[in-house]
Amino acid sequence: MNWLSLQVLLGGVSQYSTIFGRVWLSVVFVFRILVFVVAVQQVWNDEQKDFICNTAQPGCTNVCYDNFFPISHIRLWALQIIFVTCPSLMVVAHVKYREMKDQKYTNVHKGEHLYANPGKKRGGLWYTYILSLVFKAGFDAAFLYILYIIYQFDMPNVTKCSVEPCPNTVDCYISRPTEKKIFTLFMVVTSSVCIFMCICEIFYLLTKKVRKYLLRHQERNTVTNYIRVDPTASSNQNLSNSEKAKATAGEKDSEPA
């Protein structure tokens, strides 16, 4: 698989991302894709060839290998990287759709633009971005759960197997178990960091959205509660004051000299 093409394709997502999104992209590219291509594939390239069981029974070693490794680590991680990075393409596709829509609007309305900035996270693009973050964190969590269910994040030196056609319980030996365990824990940690960054970015965007809503609501209440002079109330007050003045003058005229 050409991982460089995927990196170039997802590189355009950084211009629409927050600081958390840029850190997530850096972790994915440097600590996951690069490490996967350069080191992890080399460590696991001999897993089936050097998986040895202390028996000469034909087919026993293959069956025991399939029993312990129902899915290879590198294939599971390759699927994980593909599933985790694909939601970012939703944002790129939505921005491209906005740009095409804005171009058509500009051609029809003689230079006027429908969007001031098609890449700004407003309206539907904001929800698309949030949905992509949820998908990325969900896929990472799901693959971590699958890895834990199958391997418990461990790589033992020896595993016992009693699956047919093995004549009895045999010991099978895994090549370079310590090195494989280290890389397994490394991939688990980087996946956890990516999940954490997605959650932080979701909370950041939600907090920013709520803050803008509260500020807008506060400004609206300030305008509504602005003190305005009621002309009807003012004229009624003037009439009552004049009537009081006339009554006072009449009382003074009726008093004896």
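Author: In this account, a helix is a DSSP run of H or I with at least four residues and a strand is a run of E with at least two, both numbered from the N terminus. The model is predicted: local features need pLDDT of at least 70, side-chain atom pairs count only at pLDDT 80 or more, and totals for chains, interfaces and linings use all residues. Residues are numbered from 1 along each chain as its sequence is written, and side-chain values use heavy atoms, with hydrogens and water left out.

Side chains of opposite charge can pair when their charged atoms come close. A salt bridge here is a side-chain nitrogen of Lys or Arg within 4 Å of a carboxyl oxygen of Asp or Glu. By this rule the model has five salt bridges.

One of them joins Lys 96 and Glu 99, with an N to O distance of 3.9 Å. Both residues belong to helix α4 and are three residues apart, about one turn of the helix. To describe their surroundings, relative accessible area is used with a 1.4 Å probe and protein chains only: buried is under 20%, exposed is over 50%, and partly exposed lies in between. Lys 96 is partly exposed because its relative accessibility is 44%, and Glu 99 is likewise partly exposed because its value is 34%.

Helix α4, which spans residues 73-108, also contains Arg 75. With a relative accessibility of 53%, Arg 75 counts as exposed. The C-alpha atom of Arg 75 is separated by 9.5 Å from that of Gln 41, although the two residues are 34 apart along the chain.

A further salt bridge is formed by the side chains of Arg 32 and Asp 140, at 3.0 Å from N to O. Arg 32 is in helix α2 and Asp 140 in helix α5 (residues 124-151), so this pair ties together parts that are 108 residues apart in sequence. Arg 32 and Asp 140 are both buried.

Arg 176 and Glu 179 supply another such pair, with 3.8 Å between N and O. Arg 176 is partly exposed, since its relative accessible area is 35%; Glu 179 is also partly exposed, at 31%.

Val 30, Phe 31, Leu 34, Val 37, Val 38 and Phe 186 make a nonpolar surface patch of about 490 Å². Patches are made of residues with over 30% relative accessible area and no salt bridge; like charges are joined within 9 Å, and nonpolar side chains (Val, Leu, Ile, Met, Phe, Trp, Tyr) within 5 Å. The accessible areas come from the Shrake-Rupley method with a 1.4 Å probe, and for residues only the protein chains shown count as cover. Helix α2, residues 19-43, gives the most to this patch, with five residues. Val 37, which lies in helix α2, is partly exposed at 32%.

The loops complete the picture. Between α5 and β2, the loop holds Gln 152 and Phe 153. Gln 152 has a positive phi of about 55° although it is not a glycine, and Phe 153, also other than glycine, has a positive phi near 55°. Gln 152 is partly exposed at 43%, and Phe 153 is partly exposed at 22%. In the loop between β2 (158-161) and β3 (170-173) lies Pro 165, and the peptide bond from Glu 164 to Pro 165 is cis, with omega near 10°.
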